[in-house]
Amino acid sequence: MARERQTLSRRSLLGGAAGAVTLTGLAAGTASAATRSADVAIVGGGLAGLTAARDLVAGGASVVVLEARDRVGGRVVNLKLANGGVTEGGGEFIGPTQNRIKALADSLGVATFTTYNTGNNLLYKDGKKTPYATDGLLGSVPPIDVAGLANAAAVQAELDGMAKQVPVDAPWTAAKAEEWDRQTFETWLRANAVIPSAKFLLDVACTSIFSAEPRELSLLYVLFYIAAAGDESHPGTLERLTDTAGGAQESRFVGGSQQVPIKLAATLGDRVVLNAPVRSIAKSGSQYVVTADGLTVNARRVVVAVPPPLAARITYDPLLPAARDQLGQRLPMGSIGKAIAIYDTPFWRADGLNGQVVSDSGTVRSTFDNSPPDASYGALMGFIEADQMRALDGASADQVRAAVLKDYATYFGDKAKSPTSFLLQRWDNEGFSRGGPVAYAPPGVLTQYGAALRAPVEGIHWAGTETSTYWTGYMDGAVRSGERVAKEVLPTL
Ligand SMILES: Cc1cc2nc3c(=O)[nH]c(=O)nc-3n(C[C@H](O)[C@H](O)[C@H](O)COP(=O)(O)OP(=O)(O)OC[C@H]3O[C@@H](n4cnc5c(N)ncnc54)[C@H](O)[C@@H]3O)c2cc1C
(Lines give C-alpha, C1' and ligand atoms only; values in the text may rest on other atoms or scores of the structure.)
Protein backbone atom coordinates (compact mmCIF):
# COMPACT_ATOMS: atom_id res chain seq x y z
CA MET A 1 0.00 0.00 0.00
CA ALA A 2 1.20 3.47 -0.79
CA ARG A 3 2.01 5.62 2.16
CA GLU A 4 -0.10 8.74 2.35
CA ARG A 5 1.62 11.57 0.56
CA GLN A 6 0.85 15.09 -0.38
CA THR A 7 1.83 16.27 -3.83
CA LEU A 8 1.49 19.97 -3.09
CA SER A 9 1.95 21.79 0.13
CA ARG A 10 -1.41 21.89 1.80
CA ARG A 11 -2.25 25.43 2.78
CA SER A 12 -4.04 24.43 5.87
CA LEU A 13 -4.61 25.07 9.50
CA LEU A 14 -5.27 22.46 12.10
CA GLY A 15 -8.95 22.87 12.90
CA GLY A 16 -10.38 23.14 16.42
CA ALA A 17 -11.39 20.30 18.67
CA ALA A 18 -11.60 17.81 15.85
CA GLY A 19 -8.00 18.33 14.92
CA ALA A 20 -9.31 18.32 11.36
CA VAL A 21 -7.92 20.28 8.48
CA THR A 22 -9.50 23.40 7.12
CA LEU A 23 -8.15 24.44 3.76
CA THR A 24 -7.52 28.13 3.68
CA GLY A 25 -6.34 30.63 1.11
CA LEU A 26 -7.87 28.76 -1.79
CA ALA A 27 -9.86 31.32 -3.70
CA ALA A 28 -12.67 30.13 -5.95
CA GLY A 29 -11.25 29.19 -9.30
CA THR A 30 -7.99 27.90 -7.88
CA ALA A 31 -9.53 24.70 -6.58
CA SER A 32 -6.97 22.56 -8.34
CA ALA A 33 -4.21 24.18 -6.27
CA ALA A 34 -4.16 21.34 -3.72
CA THR A 35 -3.79 17.68 -4.52
CA ARG A 36 -3.33 14.72 -2.23
CA SER A 37 -2.92 11.04 -2.84
CA ALA A 38 -4.17 8.20 -0.70
CA ASP A 39 -5.14 4.58 -0.96
CA VAL A 40 -8.75 5.49 -0.22
CA ALA A 41 -10.68 8.73 -0.59
CA ILE A 42 -13.67 8.81 1.74
CA VAL A 43 -16.57 11.09 0.89
CA GLY A 44 -18.36 12.26 4.04
CA GLY A 45 -17.18 12.83 7.59
CA GLY A 46 -20.24 11.48 9.38
CA LEU A 47 -20.04 8.47 11.69
CA ALA A 48 -19.90 6.09 8.71
CA GLY A 49 -17.06 7.81 6.88
CA LEU A 50 -15.02 8.38 10.03
CA THR A 51 -15.45 4.78 11.20
CA ALA A 52 -14.39 3.54 7.77
CA ALA A 53 -11.33 5.79 7.98
CA ARG A 54 -10.43 4.49 11.45
CA ASP A 55 -10.56 0.86 10.32
CA LEU A 56 -8.80 1.45 7.01
CA VAL A 57 -5.95 3.24 8.79
CA ALA A 58 -5.80 0.42 11.35
CA GLY A 59 -5.49 -1.96 8.39
CA GLY A 60 -2.50 -0.02 7.05
CA ALA A 61 -4.19 2.06 4.37
CA SER A 62 -3.77 5.77 3.81
CA VAL A 63 -6.99 7.77 3.66
CA VAL A 64 -8.32 11.26 3.11
CA VAL A 65 -11.82 12.05 4.39
CA LEU A 66 -13.51 14.81 2.43
CA GLU A 67 -16.27 16.46 4.44
CA ALA A 68 -18.48 19.10 2.88
CA ARG A 69 -19.41 20.95 6.05
CA ASP A 70 -17.21 22.96 8.39
CA ARG A 71 -17.69 20.25 11.02
CA VAL A 72 -17.72 16.48 11.30
CA GLY A 73 -20.73 14.39 12.38
CA GLY A 74 -23.26 14.99 9.58
CA ARG A 75 -26.67 14.11 10.98
CA VAL A 76 -25.19 14.23 14.49
CA VAL A 77 -24.59 17.76 15.76
CA ASN A 78 -24.18 19.44 19.13
CA LEU A 79 -25.83 22.83 19.56
CA LYS A 80 -24.28 25.19 22.08
CA LEU A 81 -26.58 26.88 24.57
CA ALA A 82 -26.27 30.42 25.92
CA ASN A 83 -26.10 28.94 29.45
CA GLY A 84 -22.94 27.03 28.54
CA GLY A 85 -24.71 23.71 28.07
CA VAL A 86 -25.05 21.58 24.98
CA THR A 87 -28.06 20.03 23.30
CA GLU A 88 -28.41 17.91 20.18
CA GLY A 89 -29.89 18.94 16.85
CA GLY A 90 -29.72 15.49 15.24
CA GLY A 91 -29.19 11.90 16.33
CA GLU A 92 -28.89 11.59 20.10
CA PHE A 93 -30.38 8.38 21.55
CA ILE A 94 -28.92 4.88 21.66
CA GLY A 95 -30.35 1.68 23.08
CA PRO A 96 -29.97 -2.08 23.54
CA THR A 97 -28.42 -4.04 20.66
CA GLN A 98 -26.85 -0.86 19.26
CA ASN A 99 -23.53 -2.41 20.13
CA ARG A 100 -21.28 -0.84 17.56
CA ILE A 101 -21.99 2.82 18.37
CA LYS A 102 -21.69 1.94 22.05
CA ALA A 103 -18.33 0.24 21.52
CA LEU A 104 -17.10 3.21 19.50
CA ALA A 105 -18.21 5.69 22.18
CA ASP A 106 -16.60 3.55 24.89
CA SER A 107 -13.34 3.44 22.96
CA LEU A 108 -13.33 7.24 22.78
CA GLY A 109 -14.25 7.75 26.42
CA VAL A 110 -17.72 9.17 25.70
CA ALA A 111 -20.03 8.02 28.49
CA THR A 112 -23.78 7.49 28.32
CA PHE A 113 -26.57 8.32 30.74
CA THR A 114 -30.16 7.13 30.93
CA THR A 115 -32.76 9.24 29.14
CA TYR A 116 -35.01 10.91 31.73
CA ASN A 117 -37.94 8.54 32.02
CA THR A 118 -39.28 8.96 35.56
CA GLY A 119 -42.96 9.75 35.99
CA ASN A 120 -45.83 9.71 33.54
CA ASN A 121 -45.92 9.95 29.79
CA LEU A 122 -48.67 12.16 28.39
CA LEU A 123 -51.20 11.22 25.76
CA TYR A 124 -52.84 14.23 24.08
CA LYS A 125 -55.75 13.05 21.99
CA ASP A 126 -59.05 14.60 20.91
CA GLY A 127 -58.15 17.71 22.93
CA LYS A 128 -57.73 15.73 26.16
CA LYS A 129 -54.59 15.17 28.24
CA THR A 130 -54.12 11.75 29.82
CA PRO A 131 -50.97 11.12 31.88
CA TYR A 132 -50.05 7.45 31.99
CA ALA A 133 -47.46 5.27 33.69
CA THR A 134 -45.24 3.10 31.52
CA ASP A 135 -44.41 0.44 34.09
CA GLY A 136 -47.84 -1.21 34.01
CA LEU A 137 -49.20 -4.07 31.93
CA LEU A 138 -49.34 -1.96 28.79
CA GLY A 139 -45.73 -0.87 29.00
CA SER A 140 -45.23 2.29 26.99
CA VAL A 141 -48.43 1.87 24.96
CA PRO A 142 -50.70 4.91 25.45
CA PRO A 143 -54.04 4.17 27.16
CA ILE A 144 -56.49 4.22 24.27
CA ASP A 145 -59.79 2.29 24.29
CA VAL A 146 -59.70 -1.46 24.93
CA ALA A 147 -60.70 -2.44 21.40
CA GLY A 148 -58.02 -0.16 19.99
CA LEU A 149 -55.40 -1.62 22.32
CA ALA A 150 -56.27 -5.16 21.30
CA ASN A 151 -56.13 -4.21 17.64
CA ALA A 152 -52.82 -2.35 18.03
CA ALA A 153 -51.29 -5.31 19.90
CA ALA A 154 -52.37 -7.71 17.15
CA VAL A 155 -50.97 -5.41 14.46
CA GLN A 156 -47.68 -5.09 16.30
CA ALA A 157 -47.35 -8.86 16.67
CA GLU A 158 -48.22 -9.31 13.00
CA LEU A 159 -45.59 -6.77 11.91
CA ASP A 160 -42.92 -8.36 14.10
CA GLY A 161 -43.80 -11.78 12.70
CA MET A 162 -43.64 -10.56 9.10
CA ALA A 163 -40.35 -8.77 9.83
CA LYS A 164 -38.86 -12.10 10.92
CA GLN A 165 -39.35 -13.28 7.34
CA VAL A 166 -37.23 -10.43 5.95
CA PRO A 167 -33.47 -11.12 5.65
CA VAL A 168 -31.72 -7.96 6.83
CA ASP A 169 -28.91 -8.34 4.32
CA ALA A 170 -31.26 -8.70 1.34
CA PRO A 171 -34.90 -7.72 2.12
CA TRP A 172 -35.71 -8.02 -1.58
CA THR A 173 -35.21 -11.79 -1.36
CA ALA A 174 -37.98 -12.33 1.23
CA ALA A 175 -40.50 -14.89 0.03
CA LYS A 176 -43.22 -12.22 0.01
CA ALA A 177 -40.98 -9.36 -1.06
CA GLU A 178 -42.97 -8.56 -4.22
CA GLU A 179 -46.30 -8.59 -2.42
CA TRP A 180 -45.03 -6.41 0.43
CA ASP A 181 -43.10 -4.01 -1.79
CA ARG A 182 -46.04 -3.21 -4.05
CA GLN A 183 -48.09 -1.66 -1.24
CA THR A 184 -47.59 1.28 1.03
CA PHE A 185 -47.55 0.90 4.80
CA GLU A 186 -50.77 2.97 4.74
CA THR A 187 -52.55 0.42 2.53
CA TRP A 188 -51.57 -2.39 4.87
CA LEU A 189 -52.49 -0.42 8.00
CA ARG A 190 -55.94 0.42 6.63
CA ALA A 191 -56.62 -3.28 6.17
CA ASN A 192 -55.23 -4.29 9.57
CA ALA A 193 -55.37 -1.38 12.03
CA VAL A 194 -59.12 -1.16 11.61
CA ILE A 195 -59.93 0.53 14.94
CA PRO A 196 -59.24 4.29 14.56
CA SER A 197 -57.36 4.56 17.87
CA ALA A 198 -55.10 1.67 16.84
CA LYS A 199 -54.47 3.34 13.48
CA PHE A 200 -53.59 6.53 15.36
CA LEU A 201 -50.95 4.71 17.43
CA LEU A 202 -49.40 3.10 14.38
CA ASP A 203 -49.43 6.42 12.50
CA VAL A 204 -47.61 8.16 15.35
CA ALA A 205 -45.09 5.32 15.57
CA CYS A 206 -44.49 5.60 11.83
CA THR A 207 -43.88 9.35 11.72
CA SER A 208 -41.74 9.16 14.86
CA ILE A 209 -39.53 6.44 13.40
CA PHE A 210 -39.27 7.56 9.77
CA SER A 211 -40.33 11.23 9.69
CA ALA A 212 -42.46 10.08 6.78
CA GLU A 213 -46.18 9.31 6.55
CA PRO A 214 -47.36 5.68 6.17
CA ARG A 215 -48.53 6.51 2.63
CA GLU A 216 -44.93 7.28 1.62
CA LEU A 217 -43.29 4.03 2.73
CA SER A 218 -43.10 0.59 1.19
CA LEU A 219 -44.48 -2.08 3.54
CA LEU A 220 -41.41 -4.19 2.74
CA TYR A 221 -39.15 -1.31 3.76
CA VAL A 222 -41.01 -0.91 7.08
CA LEU A 223 -40.62 -4.64 7.74
CA PHE A 224 -36.93 -4.46 6.90
CA TYR A 225 -36.53 -1.53 9.30
CA ILE A 226 -38.21 -3.52 12.07
CA ALA A 227 -36.07 -6.57 11.29
CA ALA A 228 -32.98 -4.37 11.46
CA ALA A 229 -33.86 -3.10 14.96
CA GLY A 230 -31.79 -5.78 16.66
CA ASP A 231 -28.50 -7.56 16.25
CA GLU A 232 -27.14 -10.92 15.17
CA SER A 233 -28.62 -12.61 18.27
CA HIS A 234 -31.76 -10.51 18.90
CA PRO A 235 -34.34 -10.29 16.11
CA GLY A 236 -35.63 -6.77 15.55
CA THR A 237 -38.97 -5.68 16.96
CA LEU A 238 -41.22 -2.65 16.53
CA GLU A 239 -41.14 -2.14 20.29
CA ARG A 240 -37.36 -1.74 20.28
CA LEU A 241 -37.78 1.07 17.75
CA THR A 242 -40.43 2.95 19.73
CA ASP A 243 -39.51 2.38 23.38
CA THR A 244 -37.47 4.55 25.69
CA ALA A 245 -36.62 2.02 28.46
CA GLY A 246 -35.37 -1.09 26.67
CA GLY A 247 -35.57 0.61 23.29
CA ALA A 248 -33.78 2.92 20.87
CA GLN A 249 -34.38 6.00 23.05
CA GLU A 250 -32.94 4.48 26.25
CA SER A 251 -29.65 6.38 26.62
CA ARG A 252 -27.87 9.55 25.64
CA PHE A 253 -24.27 10.70 25.47
CA VAL A 254 -22.69 12.84 28.17
CA GLY A 255 -21.58 16.06 26.50
CA GLY A 256 -23.79 15.43 23.47
CA SER A 257 -23.67 12.83 20.71
CA GLN A 258 -21.36 14.85 18.47
CA GLN A 259 -18.61 14.14 20.99
CA VAL A 260 -18.32 10.76 19.28
CA PRO A 261 -17.51 11.94 15.73
CA ILE A 262 -15.47 14.89 17.03
CA LYS A 263 -13.23 12.62 19.12
CA LEU A 264 -13.04 10.05 16.34
CA ALA A 265 -11.99 12.73 13.85
CA ALA A 266 -9.34 13.93 16.29
CA THR A 267 -7.71 10.48 16.15
CA LEU A 268 -7.49 10.85 12.38
CA GLY A 269 -5.80 14.29 12.47
CA ASP A 270 -5.22 15.94 9.12
CA ARG A 271 -6.62 12.98 7.22
CA VAL A 272 -9.98 14.73 7.70
CA VAL A 273 -10.51 17.76 5.50
CA LEU A 274 -13.43 20.08 6.22
CA ASN A 275 -15.20 22.49 3.85
CA ALA A 276 -14.51 20.07 1.00
CA PRO A 277 -17.75 19.12 -0.77
CA VAL A 278 -17.01 16.46 -3.35
CA ARG A 279 -18.34 17.43 -6.77
CA SER A 280 -17.06 14.63 -8.99
CA ILE A 281 -15.52 11.17 -8.96
CA ALA A 282 -13.75 10.26 -12.19
CA LYS A 283 -11.91 7.11 -13.08
CA SER A 284 -8.49 7.68 -14.61
CA GLY A 285 -6.67 4.47 -15.47
CA SER A 286 -6.46 2.45 -12.27
CA GLN A 287 -6.99 5.55 -10.11
CA TYR A 288 -9.91 7.70 -9.10
CA VAL A 289 -9.76 11.46 -9.18
CA VAL A 290 -12.04 12.78 -6.47
CA THR A 291 -12.59 16.49 -6.87
CA ALA A 292 -13.77 18.54 -3.95
CA ASP A 293 -13.89 22.31 -3.57
CA GLY A 294 -10.29 23.29 -2.86
CA LEU A 295 -8.77 19.82 -3.00
CA THR A 296 -8.36 16.95 -5.42
CA VAL A 297 -7.56 13.50 -4.13
CA ASN A 298 -6.06 10.76 -6.27
CA ALA A 299 -7.00 7.42 -4.79
CA ARG A 300 -7.10 3.75 -5.64
CA ARG A 301 -10.51 3.29 -4.03
CA VAL A 302 -13.35 5.57 -3.08
CA VAL A 303 -15.78 5.11 -0.19
CA VAL A 304 -18.94 7.17 -0.58
CA ALA A 305 -20.34 7.54 2.94
CA VAL A 306 -23.22 9.93 2.37
CA PRO A 307 -26.99 9.22 2.12
CA PRO A 308 -27.93 7.79 -1.33
CA PRO A 309 -29.80 10.91 -2.50
CA LEU A 310 -26.74 13.01 -1.64
CA ALA A 311 -24.44 10.53 -3.40
CA ALA A 312 -26.66 10.98 -6.46
CA ARG A 313 -25.78 14.67 -6.56
CA ILE A 314 -22.11 13.87 -7.25
CA THR A 315 -21.01 13.62 -10.89
CA TYR A 316 -19.52 10.24 -11.83
CA ASP A 317 -17.35 9.59 -14.84
CA PRO A 318 -18.04 7.08 -16.21
CA LEU A 319 -21.71 7.18 -15.25
CA LEU A 320 -22.78 4.78 -12.55
CA PRO A 321 -24.64 1.68 -13.72
CA ALA A 322 -28.30 2.54 -14.23
CA ALA A 323 -29.47 0.43 -11.28
CA ARG A 324 -27.27 2.34 -8.85
CA ASP A 325 -28.07 5.71 -10.37
CA GLN A 326 -31.80 5.05 -10.33
CA LEU A 327 -31.61 3.83 -6.73
CA GLY A 328 -30.20 7.23 -5.84
CA GLN A 329 -33.10 8.88 -7.66
CA ARG A 330 -35.65 6.92 -5.65
CA LEU A 331 -34.66 7.11 -1.98
CA PRO A 332 -35.91 10.41 -0.50
CA MET A 333 -34.95 11.77 2.91
CA GLY A 334 -37.66 12.09 5.56
CA SER A 335 -38.79 15.59 6.56
CA ILE A 336 -37.65 16.50 10.04
CA GLY A 337 -36.91 19.34 12.39
CA LYS A 338 -35.99 19.38 16.03
CA ALA A 339 -37.07 22.15 18.39
CA ILE A 340 -35.43 22.49 21.80
CA ALA A 341 -36.76 24.94 24.39
CA ILE A 342 -34.53 25.70 27.40
CA TYR A 343 -35.94 26.60 30.82
CA ASP A 344 -34.39 27.40 34.20
CA THR A 345 -35.68 24.08 35.53
CA PRO A 346 -37.34 20.92 34.15
CA PHE A 347 -40.60 22.16 35.74
CA TRP A 348 -42.77 19.39 34.27
CA ARG A 349 -41.02 16.86 36.51
CA ALA A 350 -42.68 18.46 39.58
CA ASP A 351 -46.02 17.68 37.90
CA GLY A 352 -45.06 14.01 37.72
CA LEU A 353 -44.35 14.14 33.98
CA ASN A 354 -41.31 12.68 32.25
CA GLY A 355 -41.54 15.07 29.31
CA GLN A 356 -42.59 12.43 26.78
CA VAL A 357 -45.75 13.22 24.82
CA VAL A 358 -47.69 11.34 22.18
CA SER A 359 -50.15 13.68 20.45
CA ASP A 360 -52.67 13.57 17.62
CA SER A 361 -52.42 17.24 16.73
CA GLY A 362 -50.19 20.29 16.59
CA THR A 363 -46.79 20.91 15.06
CA VAL A 364 -44.91 18.78 17.61
CA ARG A 365 -46.47 15.38 18.29
CA SER A 366 -43.62 13.70 20.09
CA THR A 367 -41.40 15.20 22.81
CA PHE A 368 -38.60 14.23 25.19
CA ASP A 369 -36.97 15.69 28.28
CA ASN A 370 -33.54 16.67 26.96
CA SER A 371 -32.28 18.16 30.21
CA PRO A 372 -28.68 17.40 31.19
CA PRO A 373 -28.00 14.53 33.64
CA ASP A 374 -27.66 16.94 36.61
CA ALA A 375 -30.94 18.74 35.69
CA SER A 376 -29.15 22.07 36.16
CA TYR A 377 -31.60 23.44 33.59
CA GLY A 378 -34.62 22.09 31.75
CA ALA A 379 -34.76 21.21 28.05
CA LEU A 380 -37.85 20.10 26.17
CA MET A 381 -37.10 18.59 22.78
CA GLY A 382 -39.83 18.13 20.19
CA PHE A 383 -39.77 16.50 16.79
CA ILE A 384 -41.44 18.22 13.82
CA GLU A 385 -42.02 15.46 11.31
CA ALA A 386 -43.31 14.59 7.87
CA ASP A 387 -46.51 16.55 7.01
CA GLN A 388 -46.00 18.87 9.99
CA MET A 389 -42.47 19.77 8.84
CA ARG A 390 -43.58 20.24 5.24
CA ALA A 391 -46.44 22.50 6.36
CA LEU A 392 -43.82 24.85 7.81
CA ASP A 393 -41.55 24.91 4.75
CA GLY A 394 -42.20 28.59 4.13
CA ALA A 395 -42.50 29.58 7.79
CA SER A 396 -39.96 31.85 9.45
CA ALA A 397 -38.02 30.69 12.51
CA ASP A 398 -40.26 32.94 14.64
CA GLN A 399 -43.38 31.33 13.21
CA VAL A 400 -42.05 27.84 13.91
CA ARG A 401 -41.07 28.87 17.45
CA ALA A 402 -44.58 30.23 18.08
CA ALA A 403 -46.20 27.03 16.79
CA VAL A 404 -43.89 24.82 18.88
CA LEU A 405 -44.29 26.79 22.11
CA LYS A 406 -48.07 26.76 21.69
CA ASP A 407 -47.90 22.95 21.64
CA TYR A 408 -45.50 22.80 24.59
CA ALA A 409 -47.90 25.03 26.59
CA THR A 410 -50.81 22.76 25.68
CA TYR A 411 -48.89 19.73 26.94
CA PHE A 412 -46.98 21.18 29.91
CA GLY A 413 -48.79 24.38 30.93
CA ASP A 414 -48.16 28.12 30.63
CA LYS A 415 -44.60 27.96 32.01
CA ALA A 416 -43.61 26.35 28.72
CA LYS A 417 -44.45 29.58 26.88
CA SER A 418 -41.36 31.39 28.22
CA PRO A 419 -38.14 29.51 27.58
CA THR A 420 -34.82 31.21 28.29
CA SER A 421 -33.70 30.18 24.82
CA PHE A 422 -35.02 28.24 21.85
CA LEU A 423 -33.13 26.23 19.25
CA LEU A 424 -34.41 24.97 15.95
CA GLN A 425 -32.64 22.57 13.58
CA ARG A 426 -34.40 22.15 10.23
CA TRP A 427 -32.77 19.24 8.46
CA ASP A 428 -34.72 19.68 5.23
CA ASN A 429 -32.86 22.97 4.76
CA GLU A 430 -29.41 21.48 5.34
CA GLY A 431 -27.67 21.29 1.96
CA PHE A 432 -25.59 18.26 2.90
CA SER A 433 -28.43 16.28 4.51
CA ARG A 434 -31.64 17.44 2.74
CA GLY A 435 -33.79 15.90 5.47
CA GLY A 436 -33.60 13.00 7.89
CA PRO A 437 -33.32 10.86 9.85
CA VAL A 438 -32.89 8.44 6.96
CA ALA A 439 -33.36 8.00 3.21
CA TYR A 440 -36.37 5.68 3.03
CA ALA A 441 -37.77 3.41 0.33
CA PRO A 442 -41.19 4.01 -1.26
CA PRO A 443 -42.92 0.99 -2.88
CA GLY A 444 -41.13 -0.85 -5.65
CA VAL A 445 -37.64 0.40 -4.87
CA LEU A 446 -36.15 -2.37 -2.72
CA THR A 447 -37.26 -5.18 -5.01
CA GLN A 448 -36.10 -3.40 -8.17
CA TYR A 449 -32.97 -1.61 -6.97
CA GLY A 450 -32.13 -2.85 -3.47
CA ALA A 451 -29.30 -5.06 -4.69
CA ALA A 452 -27.44 -1.92 -5.82
CA LEU A 453 -27.39 -0.45 -2.30
CA ARG A 454 -24.06 -1.96 -1.22
CA ALA A 455 -22.73 -3.45 -4.46
CA PRO A 456 -19.38 -1.77 -5.23
CA VAL A 457 -19.09 -0.14 -8.64
CA GLU A 458 -15.54 -1.20 -9.54
CA GLY A 459 -13.41 0.76 -7.03
CA ILE A 460 -16.30 2.81 -5.63
CA HIS A 461 -17.72 1.39 -2.38
CA TRP A 462 -20.82 2.51 -0.50
CA ALA A 463 -21.27 3.18 3.20
CA GLY A 464 -23.65 5.21 5.35
CA THR A 465 -26.42 4.13 7.69
CA GLU A 466 -28.74 3.39 4.76
CA THR A 467 -26.45 0.53 3.74
CA SER A 468 -26.48 -1.17 7.13
CA THR A 469 -28.09 -4.52 7.81
CA TYR A 470 -28.74 -3.78 11.50
CA TRP A 471 -29.96 -0.43 12.82
CA THR A 472 -30.18 1.08 9.38
CA GLY A 473 -31.20 4.71 9.84
CA TYR A 474 -29.44 4.99 13.19
CA MET A 475 -26.00 6.01 14.44
CA ASP A 476 -25.31 2.33 15.12
CA GLY A 477 -26.06 1.50 11.49
CA ALA A 478 -23.68 4.23 10.36
CA VAL A 479 -20.86 2.75 12.47
CA ARG A 480 -21.64 -0.78 11.27
CA SER A 481 -21.55 0.39 7.65
CA GLY A 482 -18.16 2.01 8.16
CA GLU A 483 -16.81 -1.20 9.69
CA ARG A 484 -18.27 -3.30 6.86
CA VAL A 485 -16.93 -1.11 4.06
CA ALA A 486 -13.41 -1.09 5.53
CA LYS A 487 -13.45 -4.93 5.58
CA GLU A 488 -14.68 -4.85 1.99
CA VAL A 489 -12.00 -2.43 0.73
CA LEU A 490 -8.85 -3.57 2.60
CA PRO A 491 -8.39 -6.87 0.73
CA THR A 492 -8.69 -5.04 -2.61
CA LEU A 493 -5.77 -2.70 -1.95
C1 LIG B 1 -33.27 14.91 13.65
C2 LIG B 1 -32.60 13.58 13.66
C3 LIG B 1 -32.74 12.77 14.75
C4 LIG B 1 -32.12 11.53 14.79
N5 LIG B 1 -32.21 10.78 15.93
C6 LIG B 1 -31.43 9.68 16.06
C7 LIG B 1 -31.29 9.05 17.32
O8 LIG B 1 -31.84 9.51 18.34
N9 LIG B 1 -30.52 7.93 17.38
C10 LIG B 1 -29.84 7.45 16.30
O11 LIG B 1 -29.13 6.45 16.43
N12 LIG B 1 -29.94 8.06 15.10
C13 LIG B 1 -30.69 9.18 14.96
N14 LIG B 1 -30.72 9.84 13.78
C15 LIG B 1 -30.05 9.26 12.61
C16 LIG B 1 -28.52 9.38 12.69
O17 LIG B 1 -28.17 10.69 12.99
C18 LIG B 1 -27.94 8.93 11.35
O19 LIG B 1 -28.37 7.62 11.05
C20 LIG B 1 -26.41 8.89 11.32
O21 LIG B 1 -25.85 10.01 11.95
C22 LIG B 1 -25.97 8.80 9.87
O23 LIG B 1 -24.56 8.80 9.78
P24 LIG B 1 -23.89 8.64 8.35
O25 LIG B 1 -22.43 8.80 8.55
O26 LIG B 1 -24.39 7.43 7.68
O27 LIG B 1 -24.45 9.86 7.48
P28 LIG B 1 -24.34 11.43 7.73
O29 LIG B 1 -24.33 11.74 9.18
O30 LIG B 1 -25.38 12.07 6.90
O31 LIG B 1 -22.90 11.77 7.18
C32 LIG B 1 -22.66 12.08 5.83
C33 LIG B 1 -21.64 13.19 5.77
O34 LIG B 1 -21.34 13.44 4.41
C35 LIG B 1 -21.28 14.84 4.20
N36 LIG B 1 -21.54 15.06 2.79
C37 LIG B 1 -22.72 15.02 2.12
N38 LIG B 1 -22.50 15.22 0.80
C39 LIG B 1 -21.15 15.38 0.64
C40 LIG B 1 -20.31 15.62 -0.47
N41 LIG B 1 -20.78 15.75 -1.73
N42 LIG B 1 -18.97 15.74 -0.25
C43 LIG B 1 -18.45 15.61 1.00
N44 LIG B 1 -19.22 15.38 2.10
C45 LIG B 1 -20.54 15.27 1.90
C46 LIG B 1 -22.29 15.41 5.15
O47 LIG B 1 -22.02 16.76 5.46
C48 LIG B 1 -22.15 14.50 6.36
O49 LIG B 1 -21.21 14.99 7.27
C50 LIG B 1 -31.33 11.10 13.70
C51 LIG B 1 -31.18 11.92 12.59
C52 LIG B 1 -31.80 13.16 12.57
C53 LIG B 1 -31.60 14.05 11.37
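Me: As what does Arg-434 count, at 39% relative accessibility?

Reply: Buried means under 20% relative accessible area, exposed means over 50%, and partly exposed lies in between (1.4 Å probe, protein chains only). Because its relative accessibility is 39%, Arg-434 counts as partly exposed. This is a predicted model, in which local features need pLDDT of at least 70 and side-chain atom pairs count only at pLDDT 80 or more, while totals for chains, interfaces and linings use all residues. Residues are numbered from 1 along each chain as its sequence is written, and side-chain values use heavy atoms, with hydrogens and water left out.

Me: What is the phi of Arg-434, and where is this residue found?

Reply: Most residues other than glycine have a negative phi, and most peptide bonds are trans. Arg-434 is not a glycine, yet its phi is positive, at about 60°. Arg-434 is found in the loop between β21 and α14; such elements are DSSP runs numbered from the N terminus, with helices (H or I) of at least four residues and strands (E) of at least two. Thr-97 also has a positive phi, near 75°. Thr-97 sits in the loop between β7 (86–88) and α2 (99–107), and counts as buried because its relative accessibility is 9%.

Me: Which peptide bonds are cis?

Reply: The bond from Asp-317 to Pro-318 is cis, with omega near 0°. Pro-318 belongs to the loop between β16 (315–317) and α11 (322–330). Gly-436 and Pro-437 are likewise joined by a cis peptide bond, with omega about 0°, and Pro-437 is found in the loop between β21 (421–426) and α14.

Me: What does the side chain of Asp-476 reach?

Reply: A polar contact is a pair of N or O atoms within 3.5 Å; within protein, one atom must be able to donate a hydrogen and the other to accept it, and residues adjacent in sequence count only if both atoms are side-chain atoms. The side chain of Asp-476 reaches the backbone nitrogen of Ile-101 at 2.9 Å, and a polar atom of the Asp-476 side chain lies 2.8 Å from the backbone nitrogen of Arg-100. Asp-476 itself lies in helix α15 (residues 475–489) and counts as buried because its relative accessibility is 0%. A contact, in turn, means heavy atoms within 4.5 Å. Not counting residues up to four places away in sequence, Asp-476 touches several residues, among them Thr-97, Gln-98 and Asn-99.

Me: How many residues surround the ligand, and which are the closest?

Reply: A residue is near a molecule or strand if one of its heavy atoms lies within 4 Å of it. There are 36 residues around the ligand, the closest being Glu-67, Arg-75, Val-278, Thr-465 and Met-475. A polar side-chain atom of Glu-67 lies 2.6 Å from a ligand oxygen atom, and a backbone N or O atom of Met-475 lies 2.8 Å from an oxygen atom of the ligand. On its own the ligand has 1000 Å² of accessible area, of which the protein covers 97%; such areas come from the Shrake-Rupley method with a 1.4 Å probe, and for residues only the protein chains shown count as cover. The elements that give two or more residues to the shell are α1 (47–58) and α15.

Me: Which residues of helix α5 are buried?

Reply: In α5 (residues 185–192), Phe-185, Glu-186, Trp-188 and Leu-189 are buried. They lie on the same side of α5 because they cover an arc of only 160° around the axis, the arc being that of the directions from the helix axis to the C-beta atoms. Exposed Arg-190 and Ala-191 are on the face turned away from the buried side. The buried residues of α5 pack against α3 (146–163), α6 (196–210) and α7 (219–227).

Me: How many residues of α7 are buried?

Reply: α7 is mostly covered, with 9 of its 9 residues buried. The cover over its buried residues includes α3, α4 (177–181), α5, α6, α8 (238–242) and α14 (445–449).
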